[in-house]
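Visitor: Take me through this model, please, and start with the terms.

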Amino acid sequence: MHTPDDRKYTEEHEWVLDAGERRVRIGITDYAQDQLGDVVYVELPTVGASVDKGAGVAEIESTKSVGDVYAPIAGSVTAVNEALADSPELVNSDPYGDGWVCELEGDTSQLADLLDAAAYRALTE
């Protein structure tokens, strides 16, 4: 499984990329998309919605199951990946790129509580 070193990870298998200016981009990891199987639908959050750290922010439906995407920080949704509406399979084919889910603006100091790539790799091995 691919685990880029340039981001943080949650134990719930989300990745978090610091986008600067108190914003983060989030998605699910390669490990998570592999466990879900073929993604067929992504329920995206509403731009402007407030979210609490650890709360469900999106839902990903696959041929096997449905999984939640949890907010790694408290804040508000500033962007969603509209491409997933027509092409949810991007979560499978490019989980760290075109398969991102949403962006949040909030207290990015909370990122210090997350796993680095090496710790996430250890969690999934």
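Guide: Buried means under 20% relative accessible area, exposed over 50%, and partly exposed in between, with a 1.4 Å probe and protein chains only. The model is predicted, so local features need pLDDT of at least 70 and side-chain atom pairs 80 or more, while totals for chains, interfaces and linings use all residues. Numbering starts from 1 along each chain as its sequence is written, and side-chain values use heavy atoms, leaving out hydrogens and water.

Visitor: How many aromatic pairs does the structure hold?

Guide: Two. In one, the ring centres of Tyr 9 and Tyr 120 are 4.9 Å apart with planes at 15°, so this pair is stacked. Rings of Phe, Tyr and Trp (its six-membered ring) pair with centres within 6.5 Å; planes under 30 degrees apart are stacked, over 60 edge-to-face, the rest tilted.

Visitor: Where do Tyr 9 and Tyr 120 lie?

Guide: Tyr 9 is in strand β1 (residues 8–9) and Tyr 120 in helix α4 (residues 117–124), so the pair ties together parts 111 residues apart in sequence. Helices (H or I, at least four residues) and strands (E, at least two) are DSSP runs, numbered from the N terminus.

Visitor: Are those two tyrosines buried or exposed?

Guide: Both Tyr 9 and Tyr 120 are buried.

Visitor: And how are Trp 15 and Tyr 96 arranged?

Guide: Their ring centres are 6.1 Å apart and the planes at 50°, so the pair is tilted. Trp 15 sits in strand β2 (residues 14–20) and Tyr 96 in the loop between α3 (90–93) and β9 (102–106), so parts 81 residues apart in sequence are tied together. Trp 15 and Tyr 96 are buried.
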